[in-house]
Amino acid sequence: MTLLKVLRDQRGQSIVEAAMVLPILLLILFSVFEFGRIFNAYMIITNAAREGARCAVVGTSDIDVINVININTSTLDASKRQISVSPTSSSRTRGVQVAVQIDYKVEIITPLISSMIPNPFPLRAKTVMRME
């Protein structure tokens with residue numbers, strides 16, 4: 001009978017332990033989620049900058065370069081993206097380096113994490129290639 005009473009007294013202990021550990025586990029889980037969103041956006045803009053630079057060095061106009069970048073970043077919010085291509089298409093000659101830079105801001109949606117890192121989180125991808 002005393003063993004049964006000891007077991008009954010320990011039932012509340014697991015609830016208290018869960019209540020203490022659950023916030024930490026949720027913070028880790030949401031941190032992984034936010035990191036995944038940021039990394040996904042970074043990979044998308046890096047690839048788009050590479051594709052845009054490749055398009056620019058083969059002799060296309062800046063509008064075509066921006067269209068290629070828009071196609072490659074169609075899953076991202078266009079209002080949070082800035083694209084710069086230098087030099088302009090009229091100034092590009094053979095052997096000149098062309099730089100395509102994309103700046104993007106990822107909105108952090110988890111409240112506690114947004115207080116730890118800048119919100120929105122700035123990302124920048126830049127690719128430089130030589131004009132063909």
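**The sheet and the helix on it**

Guide: The model is predicted, so local features need pLDDT of at least 70 and side-chain atom pairs count only at pLDDT 80 or more, while totals for chains, interfaces and linings use all residues. Residues are numbered from 1 along each chain as its sequence is written, and side-chain values use heavy atoms, with hydrogens and water left out. Strands here are DSSP runs of E with at least two residues, helices are runs of H or I with at least four, and both are numbered from the N terminus.

Ile102 is bridged to Ala125 of β3. Strand β2 (residues 97–106) and β3 pair antiparallel, over ten bridges. Two strands count as paired if DSSP finds at least two bridges between them. On the β1 side, six bridges join β1 to β2, again antiparallel. One of the residues bridged there is Val85, whose partner in β2 is Val100.

Contact means heavy atoms within 4.5 Å.

How covered is β2? Eight of its ten residues are buried, so the strand is mostly covered by the cut-off used here: buried is under 20% relative accessible area, exposed is over 50%, and partly exposed lies in between (1.4 Å probe, protein chains only). As for strand side chains, in a regular strand they alternate between the two faces of the sheet.

Now turn to α3. Which of its residues are buried? Asp62, Val65 and Ile69 are. They span an arc of only 60° around the axis, which places them on the same side of α3. The arc is taken from the directions that run from the helix axis to the C-beta atoms. The face turned away from the buried side of α3 carries the exposed residues Ile63 and Ile71. Ile66 is also in this helix, which covers residues 62–72. Ile66 counts as partly exposed because its relative accessibility is 32%.

Asp62 lies in α3 and counts as buried because its relative accessibility is 18%. What does Asp62 touch? Leaving out residues up to four places away in sequence, it touches Val85, Thr88, Ser89 and Arg92. Val85 is the residue whose bridge partner in β2 is Val100. The Asp62 side chain also reaches the backbone nitrogen of Ser89, at 3.5 Å. A polar contact is a pair of N or O atoms within 3.5 Å; within protein, one must be able to donate a hydrogen and the other to accept it, and residues adjacent in sequence count only if both atoms are side-chain atoms.

Two prolines in the loops close the tour. Most residues other than glycine have a negative phi, and most peptide bonds are trans. Which bonds are cis here? One runs from Ser86 to Pro87, with omega near -5°. Pro87 sits in the loop between β1 and β2. Another cis bond joins Asn119 and Pro120, with omega about 5°. Pro120 is in the loop between α4 (111–114) and β3.

Last, some distances for scale. Ile66 and Leu27 are 39 residues apart along the chain, and their C-alpha atoms are separated by 38 Å. Ala18, in helix α2, and Gln82 are 64 residues apart in sequence and 45 Å apart in space, C-alpha to C-alpha. Ala18 counts as partly exposed because its relative accessibility is 44%.
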